[in-house]
Amino acid sequence: MNNIKPIIPYNKPFIVGKELYNIARAVVDGHLAGDGGFTKLCHSWLEKMLGCTRSLLTHSCTAALEMSAILCDTIPGDEIIMPSFTFVSTANSFVLRGGVPVFVDIRPDTLNIDENIIEEAITNRTRAIVPVHYAGVPCAMDEIMHTANKHGLIVIEDAAQAMFSTYRGKHLGTIGHLGALSFHETKNIISGEGGALLINDQRFIKRAEIIREKGTNRACFYRGEIDKYSWVDIGSSYLPSELISAFLFAQMEQAEQIISRRRRMFDQYCTLLRPLEEGGLIRLPYMDGECTSNGHIFYIITRSLAERTNLIAHLKTNGILAVFHYVPLHSSPAGMKYGKTYGSMAITDDLSERLLRLPLFYELSDDDIKFIVQKIEEFYKDIQSSVSRDSQH
């Protein structure tokens with residue numbers, strides 16, 4: 001039994017600036033509940049840097065998606081079109097309101113929802129479209145927005161992985177009517193847990209504040225617009241603690257440095273692994289020249305499920321933790337119970353079995369990346385040697 005502890009983890013949380021100082025300051029300032037000074041600083045930063053109309057921090061990206069489902073007035077039986085290759089929260093947020101996820105296939109290049117299938121999947125029960133920007137690579141948002149506007153649908157961008165990625169000059173999460181960001185410890189900008197709802201359509205702003213504050217109009221009260229607040233709508237406690245916001249704002253202050261470093265690591269992987277792709281052994285991530293990625297995930301596509309399984313084991317033996325990603329929602333027990341599928345899911349089924357994510361985190365060194373690539377090269381060299389021996393016999 002192999003008990004080697006990974007020396008290069010898949011992910012590792014990090015500190016880049018005044019995170020701990022800000023937390024101490026929040027304690028000294030005497031406000032640890034939601035919507036304190038640091039939360040307001042985070043809101044202003046997001047609105048300025050991303051260009052959204054309004055931002056509201058939440059305790060997770062899941063919470064932002066749940067708020068979106070409420071803002072869409074999702075009722076039982078409403079259909080929401082989304083990819084199956086995504087995290088469970090994308091679907092679960094709408095299922096909680098009685099919505100029915102309608103899963104469609106992904107594109108073979110970007111691994112994002114195939115914009116050409118969306119219109120075919122629309123029925124008279126369709127309420128919204130939820131494009132997911134996988135690995136920070138943009139969906140075809142112009143086509144998606146055109147389809148949504150044509151049919152009077154709401155677009156919620158699941159931009160959990162896409163902080164600082166852009167599509168034709170616009171930040172992801174700011175193109176649809178609503179957008180959801182994640183600051184989970186596996187993301188680029190982190191706060192342990194955390195998220196944000198980006199509101200790009202003014203008609204949703206006031207109600208979003210109410211939903212986020214447990215269904216009360218407390219935000220209006222604090223602004224002096226009313227003399228008392230009360231329960232006026234459905235909602236829940238979606239605010240993050242001020243401790244979360246304090247940590248997060250320190251990361252935001254260093255965001256450009258963080259993203260720049262991740263992009264450099266992403267590029268280094270690409271450069272070093274390119275010969276394996278040119279040799280037809282693996283496939284590297286797709287990038288569109290009109291878009292910029294944030295270097296969130298670096299993955300390779302192997303030639304088969306068995307090959308991926310063996311490569312994971314080989315890397316683990318060498319102290320490297322590489323992981324696959326989602327089990328497609330359409331094939332999961334809850335996905336089959338609560339959702340439905342439109343058309344073939346052949347590309348989703350195929351690529352989800354061959355995708356392998358390599359370590360990528362802020363403190364990963366150049367030497368670490370070289371070592372990881374060396375072990376991948378070693379794996380494929382052994383395969384080729386084995387094939388050559390077999391052919392000689």
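This is a predicted model: local features need pLDDT of at least 70, side-chain atom pairs count only at pLDDT 80 or more; totals for chains, interfaces and linings use all residues.

Q: Where is Thr348 placed, and what is in contact with Thr348 beyond its neighbours within four places in sequence?
A: Thr348 belongs to helix 13, residues 346–352. Beyond those neighbours, Thr348 is in contact with Ser84, Phe85, Asp105, Ile106, Pro328 and His330. Contact here means heavy atoms within 4.5 Å.

Q: What makes Val104 buried or exposed?
A: Val104, found in strand 3 (residues 100–104), has a relative accessible area of 0%. The cut-off for buried is under 20%, so Val104 is buried. Leaving aside neighbours within four places in sequence, the residues in contact with Val104 include Ile81, Met82, Pro83, Ser84, Tyr342 and Met345. Ser84 is also on the list of contacts of Thr348.

Q: How many residues apart in sequence are Val104 and Thr348, and how many Å apart in space?
A: Val104 and Thr348 are 244 residues apart in sequence. From C-alpha to C-alpha, they are 8.9 Å apart in space.

Q: Why is helix 9 described as largely enclosed by the rest of the structure?
A: Nine of its 12 residues are buried, so helix 9 is largely enclosed. The buried ones are Glu242, Ser245, Ala246, Phe247, Leu248, Phe249, Ala250, Gln251 and Met252.

Q: What do the buried residues of helix 9 pack against?
A: They pack against helix 1 (19–29), helix 2 (37–50), strand 1 (54–58) and helix 10 (255–278).

Q: How does the span of helix 9 compare with the expected one, from its first C-alpha to its last?
A: Helix 9 covers residues 242–253 and reaches 17 Å, which is close to the 16 Å expected at 1.5 Å a residue.

Q: Which atoms come within 3.0 Å at the start of helix 9?
A: A side-chain oxygen of Ser241 reaches to within 3.0 Å of the backbone nitrogen of Leu243. A polar contact is a pair of N or O atoms within 3.5 Å, and this pair is within 3.0 Å.

Q: How many cavities of 30 Å³ or more does the structure hold, and what lines the largest?
A: The structure holds one such cavity, and about 30 Å³ of space lies in the largest cavity. Among its lining residues are Ala160, Met163, Ser182, Lys187, Asn294 and His296. By class, the lining has four nonpolar, five polar and one charged residues.

Q: What makes up the largest pocket?
A: About 510 Å³ of space lies in the largest pocket. Of its 30 lining residues, the closest to the centre are Phe87, Ser182, His184, Thr186 and Lys187. Helix 3 (61–71) and helix 4 (88–95) each give two or more residues to this lining, and the largest share, three residues, comes from helix 3. The lining divides into 11 nonpolar, 14 polar and five charged residues.

Q: Which classes of residue line the second largest pocket?
A: Its lining has three nonpolar, one polar and seven charged residues. Asp, Glu, Lys and Arg count as charged, and the lining includes Asp35, Lys40, Arg54, Glu209, Arg212, Glu213 and Arg223. About 270 Å³ of space lies in the second largest pocket.

Key:
Residues are numbered from 1 along each chain as its sequence is written. Side-chain values use heavy atoms; hydrogens and water are left out. The expected span of a helix is 1.5 Å times one less than its number of residues. Buried means under 20% relative accessible area, exposed over 50%, partly exposed in between (1.4 Å probe, protein chains only). A polar contact is a pair of N or O atoms within 3.5 Å; within protein, one must be able to donate a hydrogen and the other to accept it, and residues adjacent in sequence count only if both atoms are side-chain atoms. On a 1 Å grid over the protein atoms alone, a cavity is a set of points where a 1.4 Å probe fits but cannot get out, and a pocket is an open set with protein on both sides within 12 Å along at least five of seven lines; lining residues have an atom within 4 Å of a point. Grid points are joined across faces, edges and corners, and a volume is the space filled by probe spheres set on the points.
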